[in-house]
Amino acid sequence: MLQFLVDTLLRASDLALIALGLSMVYGLVKFPNIAHVQYAMFGAYVTYAMHASGVPLVLAIAISCAVTGALTLGLHLLVFRRLLRAGPAIAMIGSLAVAMLVVAFMQGFAGSFPRMFNLPLTEPILIGEARVTATQLYFVGTTVVLLLLFAMLLFFTRTGRAMRALASNPALAAASGLNAEGITRGVAFASGAIAGLGGSMLALSTGAHINLGYDLLLPVFAAAILGGLGNPLGAVAGALLIAATETAVTNIDFGGLLGGDPLFMPVAYISAASFLILLLALLFKPYGLFDREVRRV
């Protein structure tokens with residue numbers, strides 16, 4: 001049972017930061033950016049390239065966050081801001097095209113072979129009967145600290161109040177004198193930086209590979225929708241529920257429940273679990289568990 005909880009927490013850490021960034025941007029620009037998960041893949045490759053060239057790992061991740069944030073901001077200014085003039089549906093279709101271009105660029109530049117980080121081997125840490133690596137503990141700790149800092153920013157600072165006002169009523173916020181474009185630019189950069197961090201830390205365990213973004217697409221969007229698109233902290237709660245479901249699918253002995261031989265679901269069924277949770281959410285709670293308004297696209 002303890003290992004199940006640890007595995008759930010680790011998987012939630014994989015999804016939470018990227019779902020947080022996706023929901024942050026949606027709250028302001030009101031369209032689901034499909035390219036967001038590819039920013040995580042891009043950040044993973046940048047971190048690998050920096051670390052392979054001799055840059056210390058922490059500095060390599062910091063550089064990756066800055067570069068990915070700059071990419072996200074540049075795409076917002078050059079592409080998405082113009083597409084949004086034609087409506088959120090056009091912007092969403094455009095984000096799919098951007099996602100494909102990012103994948104094609106990285107595949108042409110780095111190839112399709114996974115790039116594994118050259119990290120020192122360490123003994124797993126025992127927590128009761130559960131096993132976890134030091135890298136995974138650092139990942140979880142970093143995720144928790146960032147989520148706490150974001151919650152403090154959102155609810156206890158003027159910037160956070162401005163973000164919430166702009167997300168709730170853009171016209172009224174603009175009429176009140178808020179710098180809507182400046183706030184949107186800041187959130188675009190921050191969401192890309194967070195995605196780059198999430199992708200980089202995930203790649204420390206799985207390696208940087210071209211399918212990293214595709215593997216994150218469904219569970220990240222399911223988490224964001226489950227928590228209520230535009231509700232960043234709700235997306236984190238959605239990530240935790242998705243992680244628990246995915247972990248349960250591959251850890252429950254279905255044969256034992258039926259009184260037969262041990263029977264476990266293959267790892268390939270993880271995606272099916274995300275599909276099931278997403279479908280149930282759309283059927284019974286289309287606006288998310290926290291009833292944040294989601295505009296139709």
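Trainee: Why is Arg185 called partly exposed?

Mentor: Arg185 has a relative accessible area of 35%. Buried means under 20%, exposed means over 50%, and partly exposed is in between (1.4 Å probe, protein chains only), so Arg185 counts as partly exposed. Keep in mind that this is a predicted model, where local features need pLDDT of at least 70 and side-chain atom pairs count only at pLDDT 80 or more, while totals for chains, interfaces and linings use all residues. Residues are numbered from 1 along each chain as its sequence is written, and side-chain values use heavy atoms, with hydrogens and water left out.

Trainee: What makes Glu181 and Arg185 a salt bridge?

Mentor: Their closest N and O atoms are 3.1 Å apart. A salt bridge needs a side-chain nitrogen of Lys or Arg within 4 Å of a carboxyl oxygen of Asp or Glu, so this pair qualifies. Glu181 is also partly exposed, because its relative accessible area is 29%. A helix here is a DSSP run of H or I with at least four residues (strands are runs of E with at least two), numbered from the N terminus.

Trainee: How many salt bridges does the structure hold?

Mentor: There are four. Among them is Arg11 with Asp14, with the closest N and O atoms 3.8 Å apart. Another joins the side chains of Arg11 and Glu246 at 2.7 Å, N to O.

Trainee: What does the pair of Arg11 and Glu246 tie together?

Mentor: Arg11 lies in helix α1 and Glu246 in helix α10 (residues 232–251), so the pair ties together parts that are 235 residues apart in sequence.

Trainee: How do you know whether Glu246 is buried or exposed?

Mentor: Glu246 has 3% relative accessibility, so it counts as buried. Asp14, at 12%, is buried too.

Trainee: Why is Ser23 called buried?

Mentor: Because its relative accessibility is 0%, Ser23 counts as buried. Ser23 is found in helix α1 (residues 2–29). Leaving out residues up to four places away in sequence, Ser23 touches Gly228, Leu229, Gly230, Asn231, Pro232 and Ala235; a contact means heavy atoms within 4.5 Å.
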